[in-house]
Amino acid sequence: MSADSKRQGIVSRILNFSCVDGPGNRLVIFLQGCNFNCITCHNPHTINHCDHCGDCVAICPTNALSLDRQKRVIWENSLCTQCDQCLDACPRSSSPKITQYSVAGMIELIRKQHLFLAGITVSGGEATLQLPFIVELFKAIKLDTELSHLSCFIDSNGYLPASGWQRVLPYLDGAMIDLKSWQNETHQWLVGRDNHRVIQSIRLLAAQEKLHELRLLHIPGKSDLDEQVDALAALIHSLPAKVIIRLNAFQHHGVVGQALNWDKCSESQIEDFHQVLKAKIPNTIALPSVYL
């Protein structure tokens with residue numbers, strides 16, 4: 001076994017079959033950790049890493065959590081009922097329910113169901129914070145005669161620098177990138193970072209024909225994509241027409257804090273945005289199928 005095949009990834013969750021995380025039926029690997037702190041995050045427990053404070057151990061109703069001799073929180077999956085009380089108790093937007101996978105271990109998991117899959121998508125959190133693991137995983141898939149038919153996708157916030165994208169591009173088939181807002185100040189307020197690098201990533205991936213989908217979050221009265229639609233359309237016009245533009249409607253599911261007081265985005269509000277944008281771009285626009 002090579003040293004690279006032993007490289008570890010910190011995994012929050014694995015979704016064995018998904019048809020909404022890239023083309024076809026996909027296995028989705030959600031990695032722990034994020035470099036954004038989005039006010040509207042639907043999975044805030046994926047932002048930080050567990051610091052083993054132990055606050056979650058006492059409230060676990062099935063004793064699936066314990067402290068080992070080094071006072072580190074241990075999660076026993078077989079005892080867990082996924083009640084998520086531990087996530088609610090965590091003071092630092094983290095989860096004790098993580099699993100470390102080696103590249104070799106993940107390859108074997110994929111191999112067990114590869115006949116039913118079109119590809120693999122790595123998501124998060126922010127997947128690219130664990131770029132070395134992704135590179136080695138995708139490389140291993142491409143070199144494996146039994147798995148090489150699987151397409152390798154990344155779902156990302158786009159904050160990875162160009163040098164990072166260059167490392168994974170040889171093994172990457174496509175990426176889905178989120179753009180939260182157009183004005184840099186608004187983006188800084190919503191996620192805690194500017195959007196310059198996000199737009200750079202969008203342009204770089206498009207130039208390499210690796211941008212599969214651009215995702216736009218509509219938060220009526222808060223985000224500015226509908227107000228800046230001409231500038232947004234100009235960006236989209238610079239991308240290949242085959243890039244899918246996906247509109248996401250802000251909802252309350254999983255959200256904590258001040259954003260719970262914001263109005264949810266209705267179907268009619270998304271449709272209004274859709275009609276304005278559709279008149280300005282040639283790309284296919286995908287709409288939400290569910291409003292929760």
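Phe17 sits in strand 1 (residues 8-18); strands (E, at least two residues) and helices (H or I, at least four) are DSSP runs numbered from the N terminus. The model is a predicted one, so local features need pLDDT of at least 70 and side-chain atom pairs count only at pLDDT 80 or more, while totals for chains, interfaces and linings use all residues. Residues are numbered from 1 along each chain as its sequence is written, and side-chain values use heavy atoms, with hydrogens and water left out.

With 43% relative accessibility, Phe17 counts as partly exposed (buried is under 20% relative accessible area, exposed over 50%, partly exposed in between; 1.4 Å probe, protein chains only). Together with Leu115 and Phe116, Phe17 makes a nonpolar surface patch of about 380 Å² accessible area.

On the inside, the largest nonpolar core runs to 72 residues, and Leu137, Leu179, Ile245 and Leu277 have the most contacts within it. A core here is a set of buried Ala, Val, Leu, Ile, Met, Phe, Trp, Tyr and Cys residues joined through side-chain atoms within 4.5 Å. Helix 3 (residues 131-143) is the top contributor to this core, giving seven residues. Another core of ten residues lies apart from it, with Cys56, Cys60, Val73 and Cys86 among them.

Helix 5 (residues 184-191) buries Thr186, His187, Leu190 and Val191. Looking down the axis of helix 5, these residues fall within an arc of 105°, so they line one face (the arc is that of the directions from the helix axis to the C-beta atoms). They pack against helix 6 (196-207), contact meaning heavy atoms within 4.5 Å.

As for charges, the structure has nine salt bridges, each a side-chain nitrogen of Lys or Arg within 4 Å of a carboxyl oxygen of Asp or Glu. Arg111 takes part in a pair with Glu108, with closest N and O atoms 3.4 Å apart; both are in helix 2 (residues 103-111), three residues apart, or about one turn. Arg111 also bridges to Asp144 at 2.6 Å between the closest N and O atoms. That pair links distant parts of the chain, since Asp144 is in the loop between helix 3 and strand 7 (151-156), 33 residues from Arg111. Asp144 is buried at 15% relative accessibility.

Arg246 and Glu213 form a further salt bridge (3.0 Å, N to O). Arg246 is in strand 10 (residues 244-249) and Glu213 in strand 9 (residues 211-218), so the pair ties together parts 33 residues apart in sequence. Glu213 is buried at 3% relative accessible area, whereas Arg246 is partly exposed at 24%.

Notes: Patch = residues over 30% accessible without salt bridge, like charges linked within 9 Å, V, L, I, M, F, W, Y side chains within 5 Å. Areas by Shrake-Rupley, 256 points an atom, 1.4 Å probe, with all protein chains shown as cover.
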